[in-house]
Amino acid sequence: MAEIAFDDFHKVDIRVGTVIRAEPFPEARKPAIKLWVDFGSPLGVKKSSAQITRHYTPEALIGRQVIAVVNFPPRQIGSFMSEILVLGLPDSDGQVVLLGPDLVVPNGGRMY
């Protein structure tokens, strides 16, 4: 992978938010969950569709803090408009494990 300048890294706005609502997304092509994530002021609540059904249920996600890119353009996923990209890492089977802080931090905090 090519090196990037530090200024390029600063162009990606990565923040923490709390999942306040989560629902199954059965009409998605691949199994997914719809998420509503609260980033606090001034960003507010943003939506995402995430293919995270292997390790997570909608009920278990409520109240969980996640890390997301908040400055990508919105993307239509079927009937749902995804506004953020929730970040994760692959487990040994390539399934998503969500990234999040190990201590509670204020919503909207920017990664640095």
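In this predicted model, the side chains of Gln65 and Asn107 are joined by a polar contact of 3.2 Å. The side chain of Gln65 also has a polar atom 2.7 Å from the backbone oxygen of Val105. Gln65 itself sits in strand E4, which covers residues 65-69. With a relative accessibility of 11%, Gln65 falls under the 20% cut-off and so counts as buried. Once neighbours within four places in sequence are set aside, the residues in contact with Gln65 include Val16, Gly17 and Thr18, along with Leu99, Gly100 and Pro101.

Next come the aromatic rings. Searching the whole structure turns up three aromatic pairs. One of them brings Trp36 and Phe80 together edge-to-face, with 5.6 Å from centre to centre and 80° between the planes. Trp36 belongs to strand E2 (residues 33-38) and Phe80 to strand E6 (residues 80-82), so this pair ties together parts that lie 44 residues apart in sequence. Both partners are tucked away: Trp36 counts as buried at 12% relative accessibility, and Phe80 is buried too, with a relative accessible area of 5%. Along with Phe25, Trp36 and Phe80 make up one aromatic cluster.

The largest pocket has a volume of about 640 Å³. Its lining is made up of 23 residues, and Ser49, Gln51, Arg75, Ile77 and Ser82 are the ones that lie nearest the centre. Strands E3 (45-50), E5 (75-77), E7 (85-86) and E9 (96-98) each contribute at least two residues to this lining. By type, the lining of the largest pocket splits into 13 nonpolar, six polar and four charged residues.

Definitions and conventions. Residues numbered from 1 in each chain as written. Predicted model: local features only at pLDDT ≥ 70, side-chain atom pairs only at ≥ 80, totals over all residues. Heavy atoms only, no water. 1 Å grid on protein atoms, 1.4 Å probe; cavity = no way out; pocket = protein on both sides within 12 Å on 5 of 7 lines; lining within 4 Å. Points joined across faces, edges and corners; volume = space filled by probe spheres on them. Helix = DSSP H or I, 4+ residues; strand = E, 2+ residues; numbered from the N terminus. Nonpolar A, V, L, I, M, F, W, Y, C, P; charged D, E, K, R; others polar. Buried < 20%, exposed > 50% of the residue type's maximum accessible area, 1.4 Å probe, protein only. Polar contact = N/O pair within 3.5 Å; in protein donor to acceptor, adjacent residues only side chain to side chain. Contact = heavy atoms within 4.5 Å. Phe/Tyr/Trp six-rings, centres within 6.5 Å; stacked < 30°, edge-to-face > 60°.
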